Amino acid sequence: MKLEELKQIGSAEEYLNKTLSNIYINGPIASTDFEVLSYISIFHPELIEKYIDDINLYLGLFYKKFDNPNSLQGCVQKMFLDCIKSHYGKTYTPVQSSILTNSEDKKIFSFSAPTSTGKSHVLFSIIQKSEHDVVVVVPSRALINEYYLRLCDEIQDKSVNILTYVDKINTIRCRRNIFILTPERCKDLFRLKEQFTIDIILFDEAQLTDEKGKRGLYFDAIVRRCNRELPNTKIIFAHPFVVNPEVQITKNLLSQEQSNSEVYNQRCVGQIFVCQ
């Protein structure tokens, strides 16, 4: 591909069709495909506007609004969108629906996905849908504050306790609890575990605690203790840009039969590379 060719409308449309075909066959994983789309959007915005529904459907951006796809492949993707919406009652992307399916199918699920795939949206959906208590383990107090503010904003139900420490409070009105903790604060969870019914333990940004030294060892000890002392609880590990999310399962000796891992390489953000 030469940049001068993309500046010509005829060549640009040919490259656009080839790029969309490649995305449909292989998925939105190649950075060169997004580079082509980005250049065409700069040089020929009217061409992007003509194909915008197909582009969004091929990329799996199912949360956007669509009119009528211009191709058979676009219609197939639209059917895929309708199936996801019918099954989950919400419009999720293919990656998001896969994360939900895997987290439902197995007791332990470890995955890696780029930040642009909207994994936080899925994780918050899992937390909201849970009928019982949920524990979110994050590596720092700054992330505790971030989680706390967002959960307070999204969950208006006053019968749900959102706490940054483990305690049994508001027992008359409280229906369930969401605990947002660092690994060090998790020790209180085991002391009071008989007083809670914990559905899910979510280790978000799990790669940040995977370090050589005391904190990394403490994190692994917490994972193993959760698996041992809370055998009926689902465990989810979420990472961005990690090539081996299965390491959480192998190094902590978690059951292979009850576990699954997945690396999602899908992209949805345009990229242009500049060299000087």
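Start by selecting Leu 47, Ile 48, Tyr 51, Asp 53, Asp 54, Ile 55, Asn 56, Leu 57 and Tyr 58: these are the buried residues of H4 (buried means under 20% relative accessible area with a 1.4 Å probe, protein chains only). This is a predicted model, in which local features need pLDDT of at least 70 and side-chain atom pairs count only at pLDDT 80 or more, while totals for chains, interfaces and linings use all residues. Residues are numbered from 1 along each chain as its sequence is written, and side-chain values use heavy atoms, without hydrogens or water.

Now show the whole of H4, residues 45–58 (helices are DSSP runs of H or I, at least four residues, numbered from the N terminus). Its 14 residues reach 18 Å from first C-alpha to last, close to the 20 Å expected at 1.5 Å a residue (1.5 Å times one less than the number of residues).

Stop at Tyr 51, where H4 bends by about 70° (the angle between axes fitted to the seven residues ending there and the seven starting there). Next, bring up H2, H3 (31–43) and H5, which are among what covers the buried residues of H4. Then step past the helix to Gly 60, which follows H4 and has a positive phi, near 80°.

Note on methods: Helix = DSSP H or I, 4+ residues; strand = E, 2+ residues; numbered from the N terminus. Buried < 20%, exposed > 50% of the residue type's maximum accessible area, 1.4 Å probe, protein only. Contact = heavy atoms within 4.5 Å.
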